[in-house]
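Colleague: I would like to go through this model with you, one feature at a time. Please give the cut-off behind each term when you use it.

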Amino acid sequence: MELTVDQMLQQGLAAHKAGNSQEAERLYRAILQVHPKHPDANHNLGVLAVAVGKPEAALPLFKTALEANPKQGQFWLSYIDALVKA
């Protein structure tokens with residue numbers, strides 16, 4: 001049985017919260033293979049990148065998330081934080 005995008009996102013979030021960043025990254029990237037502009041998958045992948053000290057890699061992900069959903073305040077905060085860290 002194939003997972004829906006929402007199911008993959010929920011599993012990615014659960015893995016992320018549990019500290020399993022490799023599984024979370026795998027799931028977020030799988031979502032982006034199908035939906036490259038998916039705001040939550042882009043944002044969460046960016047959060048993972050910042051967490052491992054790669055804010056430069058996070059910036060385009062946050063930008064894509066913001067372009068898809070500019071009203072999401074957390075996306076702006078994450079983007080600004082990554083800009084400062086970069």
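Predicted model: local features only at pLDDT ≥ 70, side-chain atom pairs only at ≥ 80, totals over all residues.

Colleague: Is Trp-76 buried or exposed, or does it fall in between?

Modeller: Trp-76 is found in helix H5, residues 73-85, where a helix is a DSSP run of H or I with at least four residues, a strand is a run of E with at least two, and both are numbered from the N terminus. Buried means under 20% relative accessible area, exposed means over 50%, and partly exposed lies in between, with a 1.4 Å probe and protein chains only. Because its relative accessible area is 40%, Trp-76 is partly exposed.

Colleague: Which elements give two or more residues to the lining of the largest pocket?

Modeller: On a 1 Å grid over the protein atoms alone, a pocket is an open set of points with protein on both sides within 12 Å along at least five of seven lines, whereas a cavity is a set where a 1.4 Å probe fits but cannot get out, and lining residues have an atom within 4 Å of a point. About 190 Å³ of space lies in the largest pocket, a volume being the space filled by probe spheres set on points that are joined across faces, edges and corners. Its lining includes Ser-21, Glu-25, Leu-48, Val-52 and Leu-61. The elements that give two or more residues to this lining are helix H2 (21-34), helix H3 (39-51) and helix H4 (55-68).

Colleague: How do the residues of that lining divide into nonpolar, polar and charged?

Modeller: Here Ala, Val, Leu, Ile, Met, Phe, Trp, Tyr, Cys and Pro count as nonpolar, Asp, Glu, Lys and Arg as charged, and the others, Gly among them, as polar. Leu-45 and Ala-57 are among the lining residues, as are Gln-22 and Lys-54. The lining divides into seven nonpolar, two polar and three charged residues.

Colleague: How many salt bridges does the structure hold?

Modeller: Side chains of opposite charge can pair when their charged atoms come close. A salt bridge is counted for a side-chain nitrogen of Lys or Arg within 4 Å of a carboxyl oxygen of Asp or Glu. One of them joins Arg-26 and Glu-23 at 2.7 Å, N to O, and the structure's count of salt bridges is four.

Colleague: With which residue does Glu-25 form a salt bridge?

Modeller: Glu-25 counts as partly exposed because its relative accessibility is 31%. The closest N and O atoms are 2.9 Å apart, and the partner is Arg-29.

Colleague: Why are Glu-67 and Lys-63 separated by about one helical turn?

Modeller: Their salt bridge has its closest N and O atoms 3.7 Å apart, with Glu-67 exposed at 53% relative accessibility and Lys-63 partly exposed at 45%. The separation is about one helical turn because the two residues, both in helix H4, are four residues apart.

Colleague: What distance separates the C-alpha atoms of Phe-62 and Asn-44?

Modeller: Phe-62 has its place in helix H4 and is buried, with a relative accessible area of 2%. Although Phe-62 and Asn-44 are 18 residues apart along the chain, their C-alpha atoms are separated by 8.6 Å.

Colleague: And what separates the C-alpha atoms of Tyr-28 and Gln-10?

Modeller: Tyr-28 is found in helix H2 and counts as buried, at 0% relative accessibility. Tyr-28 and Gln-10 are 18 residues apart along the chain, and the separation of their C-alpha atoms is 9.9 Å.

Methods. Residues numbered from 1 in each chain as written. Heavy atoms only, no water.
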